[in-house]
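Good morning, and thank you for making time for this item.

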Amino acid sequence: MDGSKSMPAQPDMHHDPQVQPYLDLHDRIGDELPGRDIEWHSHWRRGCLQRFADQGFPTARDENWRYTPLRPVLSKQFAPPQKLHAKAGWTAERIEEVEHSLIFVDGVFQGSGSGTGSPPGIRIESIADVLGKDPGYLRPYLGKSSGEAVHAFSLINNALYSDGLLIEIGPEVKSDALLELLFVSQTAAALILPRIVVISRSGSSARIVERHAGQPGIYSLTSSVGEIYLEKGAYLNYHLIESASDTAYQVLGNWAYLNADSQLDFHTTTVGGALVRNDLVIDLKEPGAECNLFGAYCLSGRQHVDNFTTVIHSAPHCNSNEHYKGVLDQRSRAVFHGRVRVAPDAQQTDAQQANNTLLLSSDAEIDAKPQLEIYADDVKCSHGATVGNLDEQAIFYLKARGIDRDSARSMLIRAFVDEILNMTEADQIRQHVKTLVDGKMSSFQKPLKSGAQT
């Protein structure tokens, strides 16, 4: 982000055919993107484009993508839609009692669906507008995540995003309002590049829900980047709900930086998408910071979801708690890679991690890789993963009490997932995700009679 005054050279235009279309896209639209006349921003964009040109897309040789084949995505070409055509007869299911809803169609802001203006004490503004009025304001925040070992999809967002949202919760603002960001995909082969910057000032608290939905049967590629900053004593409750079409591809990255005594509760619920990759990187930068990560994923057919989390304990006296649960049916596949890194000076760390998965079919598969990297000696850390199918003894117990097998099975699945869903504090969000899970469960096949899988 700091960069020198010299601009990176134009990326070499002779590349892998999977990379070239995105370089050509930059040639076509680069002069129309926001921030092109701002030195630091333009330098950063072109640096990301050069990195993308140099490294290309991940392959099976990349350990971080070993279990997520990208051939279905890379075999297609995507581009930002030139025109938006409203699709009559289809709208995303609404969440009841949402105070403020901001709607994006194919990545383009369409206006507010409910509420008037911004919640009191919260600034919501287009990133393009902020860059136009006061570009220096965003410099400490926009693109900080690109300093990490980011992959090609995030680099594409950095180089090609056309707009986004700045959400800033003011100092000591305690907001009970629920702010919804609804991203709807409805154009075939659309490249959708959401960009979100959230700044929670000292002593503030707020609730945000980010939803991704889509027209059934429409395939698209969403590559989003969210950058979240919590100042001293701030609290943010963030929900990511993924219910896109089962033909859509999504690669979503969120980076969070937590200062002293701040707390981030991050919930992820995934029921839709053909291939979904969720990158979540949390840096507990100062003493007293805390994060709680909860994830639930329910998949069927040939769906694939990859949850790749990294929690970095950079300072002493920080806590992290991570718990993900998944239910896989038919030929679906999931990946959980949970990495916790405790720095040498991060004494008195408490880091807990767990991943539990139900396999309802002999063809379903989970690849779990919990990982601890501990460089301090005064810590309390644990991780664990379990894989199996439904307990036949529990099913027998319910059948003995007059409950048929299918109902018993549904009750056990729901109880398994509810442990995560009930962590959601907002009643309307909790009810919404439970409805989504119930809808997904209705597509599950009848139970198999095979024994437990481990």
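Let me begin with the surface: the chain exposes about 18,700 Å², and carbon and sulfur atoms supply 48% of that area. These accessible areas come from the Shrake-Rupley method with a 1.4 Å probe, and for residues only the protein chains shown count as cover.

Please keep in mind that this is a predicted model, in which local features need pLDDT of at least 70, side-chain atom pairs count only at pLDDT 80 or more, and totals for chains, interfaces and linings use all residues. Residues are numbered from 1 along each chain as its sequence is written, and side-chain values use heavy atoms, with hydrogens and water left out.

The chain holds nine helices and 20 strands; helices (H or I, at least four residues) and strands (E, at least two) are DSSP runs, numbered from the N terminus. Its radius of gyration is 22 Å, close to the 22 Å that the globule rule gives for 454 residues, so the chain is as compact as a globular protein of that length. That radius is taken over C-alpha atoms, and the rule is 2.2 Å times the number of residues to the power 0.38.

Of the 454 residues, 57% count as buried, meaning under 20% relative accessible area with a 1.4 Å probe, protein chains only. Among contacts with a separation of 6 or more, 85% join residues 24 or more positions apart; a contact means heavy atoms within 4.5 Å.

I turn now to the strands. Which residues does strand β18 span, and how many of them are buried? Strand β18 covers residues 349–359, and eight of its eleven residues are buried. Strand β16 (residues 319–328) pairs with β18 in the parallel sense over ten bridges, and β18 also pairs in the parallel sense with strand β20 (residues 379–388), over ten bridges. Two strands pair if DSSP finds at least two bridges between them. Gln352 in β18 stands opposite Asn321, and Gln352 stands opposite Ser382 in β20.

Finally, the helices. In helix α6 (residues 152–160), nine of nine residues are buried, including Phe153, Leu155, Ile156 and Leu160. The buried residues of α6 pack against α1 (20–29), α2 (39–55), α3 (71–74), β7 (195–200), β9 (220–230) and β11 (249–258). In α1, the buried residues include Tyr22, Leu23, Leu25 and Ile29. Their cover includes α2, α6, β6 (190–192) and β9.

Technical notes. Buried means under 20% relative accessible area, exposed over 50%, partly exposed in between (1.4 Å probe, protein chains only).
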